[in-house]
Amino acid sequence: MVYLFPAAVKGIGGNKWGYINEKGNFILSPKYEVARDFQENGLAIVQLNNLTGIINSDGYLIVKPKYDTISPFSEGRAVAIDREGYKILDESGKEITKKGYFHIGDFHEGRALAANHNEHDEYLFGYLNRRGNEVIPLSYEGASDFKDGKALVKGKENGYSLIDLTGKVLKSYPYPIINYYGEGMLAFREQEEANWGFMDESGMVVIE
């Protein structure tokens, strides 16, 4: 665990951020425009010259500032954005995705929700693993994060389905609108303008 904390000093042109120890002494000098908290992996996201990178507790840039933004790490992976799109970084700072995506979410249970446009300019969702590979193809009109090994997806033709971490369909549902609440419950509407009810994952209506 790194016991360094972001702190700012006022200077010409605005605040500069660095990192102090528990005694309030600067260990990493204030030179950053933005300095985020150190995470459990001993890394922190910083900004220099309006670009974002990652440092370790010695102040060494393991990712030089070249991204527009970088998200906090989740399950050992961070999502960075540059002009090519969203990409995944591992804890060594290496880009592990082979291309930029229109969107990549945080990792949940070893899967990150990703989206891109296909050749027909359709916006489709799928899932990446921690190696940055598409393990569940980008083929859904909508999709949720994984929870308890399951995610709710909306197919282009066959409506909503519950899938497992491999993409296998566990159950499909006939309703036009469904939200995944977890804990074995899904909210649904029998028609687009109808009231909400709840069903279990088997499709049995629990609350009309």
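At 16% relative accessibility, E201 counts as buried, where buried stands for under 20% relative accessible area, exposed for over 50%, and partly exposed for anything in between (1.4 Å probe, protein chains only). Residue numbers start from 1 along each chain as its sequence is written, and side-chain values use heavy atoms, with hydrogens and water left out. What you're looking at is a predicted model, in which local features need pLDDT of at least 70 and side-chain atom pairs count only at pLDDT 80 or more, while totals for chains, interfaces and linings use all residues.

## Charged pairs

Let's stay with E201 for a moment. E201 forms a salt bridge with K150; that term is used for a side-chain nitrogen of Lys or Arg within 4 Å of a carboxyl oxygen of Asp or Glu. This pair links distant parts of the chain, 51 residues apart: K150 sits in the loop between strand 15 (142-143) and strand 16, and E201 in the loop between strand 21 (196-200) and strand 22 (205-207). Strands here are DSSP runs (E, at least two residues), numbered from the N terminus.

How many salt bridges does the rule give? The count comes to 7. Here are three of them:

| Salt bridge | N to O distance |
|---|---|
| K150 and E201 | 2.6 Å |
| D82 and K87 | 2.9 Å |
| K156 and E122 | 3.2 Å |

K156 and E122 also connect distant parts of the chain, 34 residues apart. You'll find K156 in the loop between strand 16 (151-154) and strand 17 (160-163), and E122 in the loop between strand 12 (111-117) and strand 13 (123-128). K156 is partly exposed at 43% relative accessible area, and E122 is partly exposed too, at 27%.

Now for D82 and K87: are they buried or exposed? Both are buried. They also belong to a network, as salt bridges that share partners join D82, E84, K87 and E95.

## The nonpolar core

Nonpolar side chains tend to be buried together in soluble globular proteins. In this model, the largest nonpolar core has 11 residues, among them V2, L4, Y19, L28 and I55. Such a core is a set of buried Ala, Val, Leu, Ile, Met, Phe, Trp, Tyr and Cys residues joined through side-chain atoms within 4.5 Å. Strand 3 (26-32) and strand 5 (43-48) each supply at least two of its residues, and strand 5 gives the most, with 3.

Take a look at I55. Leaving aside neighbours within four places in sequence, I55 is in contact (heavy atoms within 4.5 Å) with residues including Y19, L28, Y32, F38, A44 and V46.

Technical notes: Helices (H or I, at least four residues) and strands (E, at least two) are DSSP runs, numbered from the N terminus.
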